[in-house]
Amino acid sequence: MSTTPEFRFTFTSHAQHTDLSSAHLTAEDMGLPADIAIECKLQTLRGGKQQGSKVITLTVGDKVLRVVPTRAMAILDVTRDALRYGWDSPITEVVHPSFINQEASGGLGWLDGFNEMLARCGYQWAGHPGEDREQMLTLHGRIQNTPADDVVLIVEQEPPYRVTLKGRVDEKRFKSTNFELETELSLTPDEPYVHIKDTLNNLSSYDNTFQAIYHNNFGTPILEQGATLHVAGTQVSPFNDYATQGLHEWNQMPAPTEDFDEMVFNVLPLADEDGMSHALLKNAAGDAGIEVSWASNTLPVLTIWKNTDTLEQGYVVGIEPGTSFAYNRKHQRHLGLVPTIRGKSSKTFQVRFGLFNERADVDASQAKIDALQLTPMLLSNNPLVQL
Amino acid sequence: MSTTPEFRFTFTSHAQHTDLSSAHLTAEDMGLPADIAIECKLQTLRGGKQQGSKVITLTVGDKVLRVVPTRAMAILDVTRDALRYGWDSPITEVVHPSFINQEASGGLGWLDGFNEMLARCGYQWAGHPGEDREQMLTLHGRIQNTPADDVVLIVEQEPPYRVTLKGRVDEKRFKSTNFELETELSLTPDEPYVHIKDTLNNLSSYDNTFQAIYHNNFGTPILEQGATLHVAGTQVSPFNDYATQGLHEWNQMPAPTEDFDEMVFNVLPLADEDGMSHALLKNAAGDAGIEVSWASNTLPVLTIWKNTDTLEQGYVVGIEPGTSFAYNRKHQRHLGLVPTIRGKSSKTFQVRFGLFNERADVDASQAKIDALQLTPMLLSNNPLVQL
Amino acid sequence: MSTTPEFRFTFTSHAQHTDLSSAHLTAEDMGLPADIAIECKLQTLRGGKQQGSKVITLTVGDKVLRVVPTRAMAILDVTRDALRYGWDSPITEVVHPSFINQEASGGLGWLDGFNEMLARCGYQWAGHPGEDREQMLTLHGRIQNTPADDVVLIVEQEPPYRVTLKGRVDEKRFKSTNFELETELSLTPDEPYVHIKDTLNNLSSYDNTFQAIYHNNFGTPILEQGATLHVAGTQVSPFNDYATQGLHEWNQMPAPTEDFDEMVFNVLPLADEDGMSHALLKNAAGDAGIEVSWASNTLPVLTIWKNTDTLEQGYVVGIEPGTSFAYNRKHQRHLGLVPTIRGKSSKTFQVRFGLFNERADVDASQAKIDALQLTPMLLSNNPLVQL
């Protein structure tokens, strides 16, 4: 229980009969000193398939985040000073879930709305579409196309003026799934970090299986020819045969490349003494980068999605910690990557984004990662799953 | 044609360019004496997947109904004095149809929104999902995930001050289905009954088949250990092999039971001289109960859905009169349970709920049912359909 | 670049944060002389499955068009003086896309909303549902169930006072489709024509295949017993075996006919010296008709959909120029009817409706068509595709 005085503002709450279409809160509105750079806007989008979508634009210090409560509290992108973290998907609309049919085209409908820096995959299942145990699993699960309730902003009124944005997302089906996800995003004006802390509550009296992948995606300007990926791990292997041919340069980023399509690599990451694993994508000059860190206890594996195709096609690299890899669930049981959540219990997922725009920060991150890599990472030519 | 003066109020009407987001009508607003306990509110829900859902809360005497026009005029629940009729589904949101994909997971998407006391199944088909005649039928048909138009409240201004709530729900597909359903719910301040009278209009010039199941569901406090079900019939049989083992106590209700899942029983009910069949679920003490009565001419069979699992999983019993049982349509043709509706003709379905909170009413209901059972009901061990 | 002064009005634009629920613009509002018969209304529909649908009613001279921006800028119908062009579908609602599941019932969900005079089919695929290259293609493609953005009215302020209504519709799926369709509809007060000019932009860096069918549909009063269809072509053939029996009278229209269902005919049309092909449906008296003209370079083939069933079932004839016939895409590759759109390039589709209510216009249209038919059209008994 924090005793720090807080400003609390509800954007959407069924219980409170509240659902704002637009809002604008300044530091003063939040009871803060006027020179604290904290501001929050809510906007409802119109036109095309973004009709009814909402975007919360949150300014905290030198960071501006765009969060989409109608898409499970996704982070559309983050800007720190002039540097944008996120990517340019060919999907330019913030598509409202009512226009998404995840079952379309063999379970690929999720791709009709995919354009976020942080898209959550899960939680009954994640990964590729296909039949598993007589049920059709659609790509990356259902959570991302679910609007949030209980969307609340909390601003601590004392230094470091922590700003927290919460939202609850339900994933429920009578007799099979009774999940409520409490998402929480927080940051302070002075730190270069965005913290994600999600709590998955299984309200059922029964145990259930679950999967989660945090699909974090980054394009230009950090991603460029000569950009490199740094992660400490015991092993990296190609997702499939196509990726095998790119294994030797799995962490070296090319310029936008026609017909590259995507190569996916499965990493078994190492964690530091606090149980955190880290991956760094830094630009060619080494003076800007994105560090993704995550609590390895619930997110033990890492998918690297190297989609360095043309700019129009989506030039992007995914750094995706998960309970599981991106295979269909049926392939992951024997890998031990279909965990169980007990009845009436919770699981917590923690992801942190380090938004580095100075060489010193980038170097420190890389040094930290290098220090974890005591013996060389094994590059295995063999995909974990034969598709 | 009634000559009773009426108050009439339109909540939603395309033709009248009317669609209210909220409303509150008192007895005086309706031109009634102020001491008549009739009141009506309309509310639009917000947040999560209930964005845009509407709920009409109708107070008539000691009864309070919550009706969902955006879900085919479903009855969410009814309270009489302190006693609630309905159940606690793990689905806590009143889910808007735009967030339901009935085709999901092999046709189970209907379960993402299921939480009503009265959910209609139909009308092109009802029952379990699966292929029939090269068409995928989704669970329980399409009507329940269809918003109503022409939502109108009518209040008679003379005793017994009958209150009627109507709504029209279309189920149409070019070349295959041209149904319009006129739903009608009515009650008076002094009677313990809620009357449902639905008219299915086949606007096509061609005959069509149809199915309907009135999925009426009741949990605590009426449902409890020692609660009993009373229905007069010629035969009861288990829906499947699992239910066979519970046939001997099909009408005896246990406490919430882990791993009970559901047992379903198919009943061939008897009707009284007015053509009405009756089922009574009464609590252990016998001083409260729910009586479901229905016109057997169009709803000849009865499904008992005994889902006495844990409270979190949904502790509930369904008393479901229908044209058909809950099997997929393909299994019901040879049972004669896929009826025909002629072109340009109508079928009427009548269901009545008796909300009894006194022992005398419960006893009278049970006596009425017992009197119909002149010879013992046959308990057949053999499911009507071998799945 | 036109130098004509223009009035420009935006109904919906994400970029401009504009989305009107209703609007009414008179000639004077548009800066026109008050005696110019130009007027425009926007209305948002309510109730049932048309909740949130928008209709723009555009009066230009003696013509009144109803356009549906929420359904890809479809034309619901056109009235010229007392004569209505369009048809009476059993689907009476203007269904909002959020209530359509195109995957339903084996890909037939499109039929739940089909009632327009002009419905676009495309653009990744058009035609009948079914698997093609391991992807399920739903009936008639995705575009029609997509709301438009950038909906703009433009009115030239000098004679002939051309009125143009534009809207942009996206059809996108990450990695597979990156289409934006710019639709444009225009007409003048004094001419009997409505011009459609659509531009399909492939924003991808890669080539893609596409298909388009302009599903133009006409019922009473033009369609009646004795109405005739006139089109110049090299060949007409039945779509399937059932249509073979009606080939000899493929262009003669019967009264509404029970159990007629539909006969579909595939026409290879001739074009005039301007590259335009024409089809005329005229009434029995020959004093009213609808002429459909189209640029044959991008729409080389013509489907005639003779659905002269009962009035309740939908008494209607489709005159449907396309890149392709109505077969599933898999059947059209060997016919050369699955064209390619190059990366970062565009295709333009032009369709013109001639709304004729005088014998002279009808006769002139027929004479123009007859003049193109230098040698008799071949009536082939063999469907192009054996289904």
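**Starting from one lysine**

Leaving aside its neighbours within four places in sequence, K347(B) is in contact with D198(B), T199(B), L200(B), F210(B), T298(B), T340(B) and I341(B). Contact here means heavy atoms within 4.5 Å.

Before going on, the ground rules. This is a predicted model, where local features need pLDDT of at least 70 and side-chain atom pairs count only at pLDDT 80 or more, while totals for chains, interfaces and linings use all residues. Residues are numbered from 1 along each chain as its sequence is written, chains are lettered from A and ligands numbered from 1 in the order in which they are written, and side-chain values use heavy atoms, with hydrogens and water left out.

Back to the lysine. K347(B) sits in strand β26 of chain B, residues 345-356. Helices (H or I, at least four residues) and strands (E, at least two) are DSSP runs, numbered from the N terminus. Is K347(B) buried, partly exposed or exposed? K347(B) counts as partly exposed, because its relative accessibility is 26%. The cut-offs are these: buried is under 20% relative accessible area, exposed is over 50%, and partly exposed is in between, with a 1.4 Å probe and protein chains only. As for distance, K347(B) and N101(B) are 246 residues apart along the chain, and their C-alpha atoms are separated by 28 Å.

Compare a tyrosine in chain C. Y85(C) belongs to strand β8, residues 83-85. Y85(C) has a relative accessible area of 1%, so it is buried. Which residues does Y85(C) contact, leaving aside neighbours within four places in sequence? The list is D77(C), V78(C), R80(C), M117(C), F218(C), I222(C), G289(C), I290(C), L355(C), F356(C) and N357(C). Take F218(C) from that list: Y85(C) and F218(C) are 133 residues apart in sequence, and 6.1 Å apart in space, C-alpha to C-alpha.

Next, a histidine in a loop. H128(C) is placed between β9 (118-123) and β10 (130-132) of chain C. H128(C) is partly exposed, because its relative accessible area is 29%. Not counting residues up to four places away in sequence, H128(C) touches L137(C), L139(C), F239(C), A326(C), Y327(C) and N328(C). H128(C) and V267(C) are 139 residues apart in sequence and 17 Å apart in space, C-alpha to C-alpha.

Now some backbone geometry. Most residues other than glycine have a negative phi, and most peptide bonds are trans. Here are some exceptions. H140(C) is not a glycine, yet has a positive phi of about 65 degrees. H140(C) lies in the loop between β11 (135-137) and β12 (149-156) of chain C, and is buried, with a relative accessible area of 5%. In chain B, E134(B) also has a positive phi, near 65 degrees, in a residue other than glycine. E134(B) is in the loop between β10 (130-132) and β11 (135-137), and at 78% relative accessibility E134(B) counts as exposed.

Where are the cis peptide bonds in chain B? One joins G122(B) and Y123(B), with omega about -10 degrees. Y123(B) is in strand β9, residues 118-123. Another joins T220(B) and P221(B), with omega about 5 degrees. P221(B) lies in the loop between β17 (211-218) and β18 (228-231).

Stepping back to a whole chain. Chain A has 3 helices and 27 strands. Of its 387 residues, 63% are buried. A compact globule of 387 residues would have a radius of gyration near 21 Å, and chain A has 20 Å, which agrees. That radius is taken over C-alpha atoms, and the globule rule is 2.2 Å times the number of residues to the power 0.38. Along its principal axes, the C-alpha trace of chain A spans about 55 × 50 × 45 Å. Among the contacts in chain A with a separation of 6 or more, 66% are between residues 24 or more positions apart.

Last, the interfaces. 32 residues of chain A are in contact with 38 residues of chain B. Chain A and chain B bury about 2500 Å² between them, 50% of it on carbon and sulfur atoms. Buried area is the accessible area (1.4 Å probe) that two parts lose on being put together, summed over both.
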